[in-house]
Amino acid sequence: MPTRLGELLSQTWNFCTAHTRLLLAGAAVFGLIGFGLQFAFAQSTLNQVENHFGDVDELEELSRRMEAGDETAVDEMMERLGVMGEEGELDEQAMSSFMQSMVVGMLPGLGLLFVFTFILGSFAGAYYTVVAVEHISDIRLAFRRCFQVFFPLLGIWIWTLIRTFVWIPIIGFIPLVIIGPRLLASPVIYLKEKRGIMESVSQSYARTR
């Protein structure tokens with residue numbers, strides 16, 4: 001018999017209050033790592049700008065002058081960016097090359113940021129899933145268990161995404177709405193019943209029929 005909503009909410013509240021330390025510890029650890037990743041990316045971008053165009057403070061000063069309507073600041077900015085033509089006008093080809101070089105230069109950093117953010121999000125998901133499903137009360141044990149099941153859970157999430165999104169190019173977004181929610185129990189089945197990755201996903205789909 002399904003649990004009533006009021007009882008479910010009460011159980012959830014009791015669980016959160018009983019595991020407050022673990023929930024806050026996870027938020028602190030993953031939040032600090034996420035902040036560190038963003039800070040490192042911001043510093044990398046700032047260094048790249050300084051290598052190409054010089055002191056950032058001078059660029060900000062030029063931007064303020066441009067916002068104030070100083071036309072000479074516009075010329076100085078164009079010249080600094082290397083997009084000014086021989087007659088003092090905007091060189092569209094140079095501007096296009098400049099934009100392309102900026103995008104190409106930022107792609108490696110953006111790619112690394114995406115990869116590390118994805119890994120961090122997956123670790124956070126594994127941590128909170130383990131705490132919720134296995135009712136772990138020790139912080140060190142929770143993180144140790146998170147590392148133990150990280151790759152299987154990652155495999156489950158990837159297989160879930162494939163099964164959910166592979167249909168979109170063929171028949172549109174309807175499968176996303178129908179199939180996606182039915183696969184959300186896959187990590188729970190894996191942790192509770194020790195089934196394989198694909199079997200956990202299949203069982204989630206079957207049991208939510």
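Helix 9 is followed by Lys194, whose phi is positive, near 55°. The model is a predicted one, in which local features need pLDDT of at least 70 and side-chain atom pairs count only at pLDDT 80 or more, while totals for chains, interfaces and linings use all residues. Residues are numbered from 1 along each chain as its sequence is written, and side-chain values use heavy atoms, with hydrogens and water left out.

**Overall architecture and confidence**

The chain has 10 helices and zero strands; helices (H or I, at least four residues) and strands (E, at least two) are DSSP runs numbered from the N terminus. The average pLDDT (the predictor's confidence in each residue, from 0 to 100) is 84 for the chain, and 87% of the residues score at least 70. Confidence is lowest in helix 4 (residues 71-81), with a mean of 69, and highest in helix 9 (residues 186-193), at 94. Of the 209 residues, 28% count as buried, that is, under 20% relative accessible area with a 1.4 Å probe, protein chains only. Contact means heavy atoms within 4.5 Å. Among contacts with a separation of 6 or more, 54% join residues 24 or more positions apart.

**Helix packing**

Two packed helices are described by the angle between their axes and the distance between the axes. Axes here are lines fitted to C-alpha atoms, for helices over the stretch in contact, and angles run from 0 to 180 degrees between N-to-C directions.

| Helix pair | Axis distance | Angle |
|---|---|---|
| Helix 9 and helix 10 (residues 197-207) | within 8 Å | roughly 115° |
| Helix 6 and helix 8 (residues 174-182) | 8 Å | about 145° |

In helix 9, Ser186, Ile189, Tyr190 and Glu193 meet Ser200, Val201, Gln203, Ser204 and Arg207 of helix 10. Ser186, Ile189 and Tyr190 are also among the buried residues of helix 9, together with Pro187 and Leu191.

Arg163, Thr164 and Phe165 of helix 6 meet Pro175, Leu176, Ile179 and Gly180 of helix 8.

**The nonpolar core**

A nonpolar core is a set of buried Ala, Val, Leu, Ile, Met, Phe, Trp, Tyr and Cys residues joined through side-chain atoms within 4.5 Å. The largest one has 26 residues, and those with the most contacts inside it are Leu22, Phe30, Tyr127, Val131, Ala142, Leu153 and Leu191. Helix 2 (20-53), helix 5 (92-134), helix 6 (139-165) and helix 9 are the elements that give two or more residues to this core. Ala142 touches Leu22, Tyr127, Val130, Val131 and Ile136, not counting residues up to four places away in sequence.

Methods:
Buried < 20%, exposed > 50% of the residue type's maximum accessible area, 1.4 Å probe, protein only.
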